[in-house]
Amino acid sequence: MRGRLALLVAAVAVLVMVAFLVPLAVLVRTVAADRATVRATADAQGLVPVVGTAGPDTVRLTVEQLAADSGREVSVFLPDGTMLGARVPRTPAVALAARGQSLTVESAAGREVVIAVQGRPDGTAVIRTVVPRAELTAGVTRAWLVLALLGGLLVLVGLAVADRLARGLVRPMADLGAVSHRLANAELDARVDPAGPAELREVAGALNHLAERIQVLLREEREQVADLSHRLRTPLTVLRLEAESLRDPDDAARLTTAVDGLERAVTGVIRQARWRSAAAEGGHCDAAAVVGERVAFWSVLAEDTGRSVTLDLAPGPLPVPVAGDELAAAVDALLGNVFAHTPDGTPFTVRLASDAGQVALTVADAGPGLPVGPVRRGASRAGSTGLGLDIADRAAQAGGGRLELDSGPDGGAAVTLRLGPARP
C-alpha cells in the first residue's frame, strides 16, 4: 500500500507538472523570440531617418556599422534598385514592403523583418534584417532546464510527503495485522495501540475489545471445567470410603490406589483448567517413563478383565516435546478405548520405539477394529464421548507429529501416536 500510494502521488505530480510546465516552456520560447524580434525591429527603425534623407554612401556606412554592432545581416533596397549592406536576393517580403507595408515573416534563416521607408523623392525604400534562429531561442534551453529541475524537485518533495503520510497510515495497519497474528497464536495478552486515522483507531479498539472478551470467555470456560471436575471429588470420597471398608486388605489397597490415581487425575484437570496459559502449553518429558508408568497402571485392570498385555518399550530416555501430563492423558485415552470398545479377554500390545527421528507409540488390539469413516471430535458410534482419539491427536500435533489409524496384525485397531524430537 505504501508503494502504491507513492506511485499514485508521483503520477499525479507528474501530470500536474506536465500540464503546468509544458505551456510555460512554450511561453518562454515565445517570449524569447518576441524579445529578439523587438530588438531587431528597433535597430531597423533606427535606420529609417538615415535611409529617408541621406545619400547612398552615408546609408551604406550606417548599415555596415549596425550590422557589425548587432551581428545580424542588414540590407537596404533603394527605389532605383540599388542594394546596400548584405547582398541577399530580393524576397517576396521585400517586394511587398516596397509597396509601403512593413511586416515580419518567418523564413528558413530565422525571422525576417522588413520596414518600408517612405518620403524619399525617388520612391519607397525598404530596410531588411533577419533575426537568426540562435538569437530567437537564446536562453530558452537554460530556462527549460531550470523548469525541468524545478518540476523534478517538486515531484521529489511530493513523494517525500506522500511517503510520510503513507507510513503513518500503513504502520497502524501493520500493527493490527501483527496483533491479530499474535492472538491467533494464543497470545491473548497482545494489544494494539490505537493510531492513524479515526477508522483505524476504531478497528484497533474493536480488536482490543475482542481480545479482552476472548480472555473473559476462556476464563469462564476454564472455571466451569474446574467446577465440573471438582464435582467428581464427592463421588471419589464415597468410593474411597467404600474401598477402605472392604474386608479383604488386598482389594482395599488396590481400590484405594486406583482412587488415589483418579483423584490425582481430577486434581490435574482442575489445575490445568484454571492456570493454563500460553507459556505453560510447551514442555517436554521422557516418553519411555510416562508410557511405562501408564501401562503399569492399566495392567492391573487388564489382569482383572483377563486381557494379556504385550509391552515393547524401547530403553529410555526418549525425550519428546510434549508435557508429561498431556502425554499421559493421550496414553490413557488410547488404552481406555481398548478397554471400552473391545470385549473382556481381548489382548493388546503397546509398543514404543524411535522411528526416523520421531518417537512412535502404537497401541494395537485384537478387537473388532475401528469403524469405517473419519473420526470427529465429540462424535462416537460406540456410545462414548468421542474425545479419546481427539485428545491423542491434539497431543501429537502439540509434539510436532500426527496420529495414524490403521488395522493391527490381529485384525483389530492399531493407533500410532508419532511425536517429534524434543526441542532444546
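1. Threonine 104 has valine 113 of strand 4 as its bridge partner. Strand 3 (residues 103-106) and strand 4 run antiparallel to each other and are paired over four bridges, where pairing requires that DSSP finds at least two bridges between two strands. A hairpin of three residues links strand 3 to strand 4. Strands (E, at least two residues) and helices (H or I, at least four) are DSSP runs, numbered from the N terminus.

2. The model is a predicted one, in which local features need pLDDT of at least 70 and side-chain atom pairs count only at pLDDT 80 or more, while totals for chains, interfaces and linings use all residues. Residues are numbered from 1 along each chain as its sequence is written, and side-chain values use heavy atoms, with hydrogens and water left out.

3. Strand 4 also pairs with strand 5 (residues 123-132), again in the antiparallel sense, over nine bridges, and two residues lie between strand 4 and strand 5 in the hairpin that they form. Arginine 111 has its bridge partner in strand 5, namely valine 131.

4. Strand 4 (residues 110-120) is largely enclosed by the rest of the structure, because nine of its 11 residues are buried. Buried means under 20% relative accessible area, exposed means over 50%, and partly exposed lies in between (1.4 Å probe, protein chains only).

5. Valine 18 belongs to helix 1, which spans residues 2-45. Is valine 18 buried or partly exposed? With a relative accessibility of 45%, valine 18 counts as partly exposed.
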